[in-house]
Amino acid sequence: MAKVGGELFDTVKEWASKWTTAGAKNVLDASDGPTVKKGILDTSWAVWKEPDAGGFSKTSDVSYPGDAVARESAHAQVIILAMNPGNDTTRGAWSNFHHSWTSRDQLLAEACRDTGLQGALMTDLYYDQFESDSKALNVSAAASGVARLLDIIGVSGESDPLILLSGR
C-alpha cells in the first residue's frame with residue numbers, strides 16, 4: 001500500500017540515511033580536494049516557500065520550506081528524477097532541488113505549484129556524483145542509480161509511479 005504524507009516522509013528519511021554516506025564520498029571541497037560531507041540528503045520533496053503574488057521568479061526564495069510543509073504533502077505518485085546533484089556541497093537535509101536561480105529551480109517550483117507535482121519525491125540518478133558538467137559524469141554508475149531508484153519506489157509502496165525526468 002502506498003505511503004503518503006508524514007508516513008512516507010518518515011520512511012524516506014530512514015531510507016535515505018543508508019544512501020547518504022555512500023553518496024557523500026564524492027563531494028568536492030575546492031579548498032582542499034576531496035572530502036567526505038556527511039548529512040547531505042540527495043532526496044527531497046517538491047515543496048518550496050510560498051511565492052510572491054506573481055509566482056516564482058529569479059529573486060524568489062526557493063529554499064526548502066521545512067519538514068512540516070513536506071510532511072503534509074509528501075507523495076511518490078510522481079518521482080521527479082534529475083541527472084545529478086551538481087557541485088553544491090553546502091546543501092543540508094532535504095535540500096535537493098532547493099537552490100537558486102543558477103540552478104533554475106524557480107522554474108521547477110513554478111511548474112509544480114498548485115498541481116499534482118506538489119509534494120512529489122525528488123532525487124537524482126547519479127546521486128553520488130557532485131559535478132556540474134554532465135559530460136564529466138561516470139555513466140558506468142547508472143546501474144547503481146537505477147537500483148537505488150527501484151529501492152525507493154519499493155519502500156514508498158507505490159506500485160506504478162510516474163517518473164518525470166528533469167534536466168537537459
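**Entry 1: the second largest pocket**

I began with the residues that line the second largest pocket, sorted by class: six are nonpolar, one is polar and four are charged. I kept in mind that this is a predicted model. Next I looked up who these residues are, and the lining turned out to be Val-47, Trp-48, Lys-49, Glu-50, Pro-51, Phe-56, Val-69, Ala-109, Arg-113, Asp-114 and Gln-118. I also noted the volume, and the pocket holds about 160 Å³ of space.

**Entry 2: the sheet**

In what order do the strands of the open sheet stand? I read it as β3-β5-β4-β6, four strands with mixed pairing. The edges are taken by β3 and β6 (162-165), and each has a single partner strand, so one side of each has no neighbour in the sheet.

I then went through the pairings of β5. With β3, strand β5 runs antiparallel, and two bridges join them. Here I found Ser-44 opposite Met-122 of β5. With β4, which spans residues 75-82, the pairing of β5 is parallel and has five bridges. On that side I wrote down two facing pairs: His-75 stands opposite Ala-120 of β5, and Ile-79 stands opposite Leu-121 of β5.

**Entry 3: strand β5 itself**

How many of the residues of β5 are buried? I counted five of five for this strand, residues 120-124, so I put it down as mostly covered.

**Entry 4: Thr-43**

My last stop was Thr-43, which I located in the loop between β2 (33-34) and β3 (44-45). Is Thr-43 buried or exposed? Its relative accessibility is 0%, and Thr-43 therefore counts as buried.

Which residues does Thr-43 touch, leaving aside its neighbours within four places in sequence? I listed Val-12, Trp-15, Trp-94, Asn-96, Leu-121, Met-122, Thr-123, Arg-148 and Ile-152. Among them, I looked again at two that make polar contacts with Thr-43, side chain to side chain. One is Thr-123, at 3.2 Å. The other is Arg-148, at 3.0 Å.

Notes:
Residues numbered from 1 in each chain as written. Predicted model: local features only at pLDDT ≥ 70, side-chain atom pairs only at ≥ 80, totals over all residues. Heavy atoms only, no water. Buried < 20%, exposed > 50% of the residue type's maximum accessible area, 1.4 Å probe, protein only. Polar contact = N/O pair within 3.5 Å; in protein donor to acceptor, adjacent residues only side chain to side chain. Contact = heavy atoms within 4.5 Å. Pairing = 2+ DSSP bridges. 1 Å grid on protein atoms, 1.4 Å probe; cavity = no way out; pocket = protein on both sides within 12 Å on 5 of 7 lines; lining within 4 Å. Points joined across faces, edges and corners; volume = space filled by probe spheres on them. Nonpolar A, V, L, I, M, F, W, Y, C, P; charged D, E, K, R; others polar.
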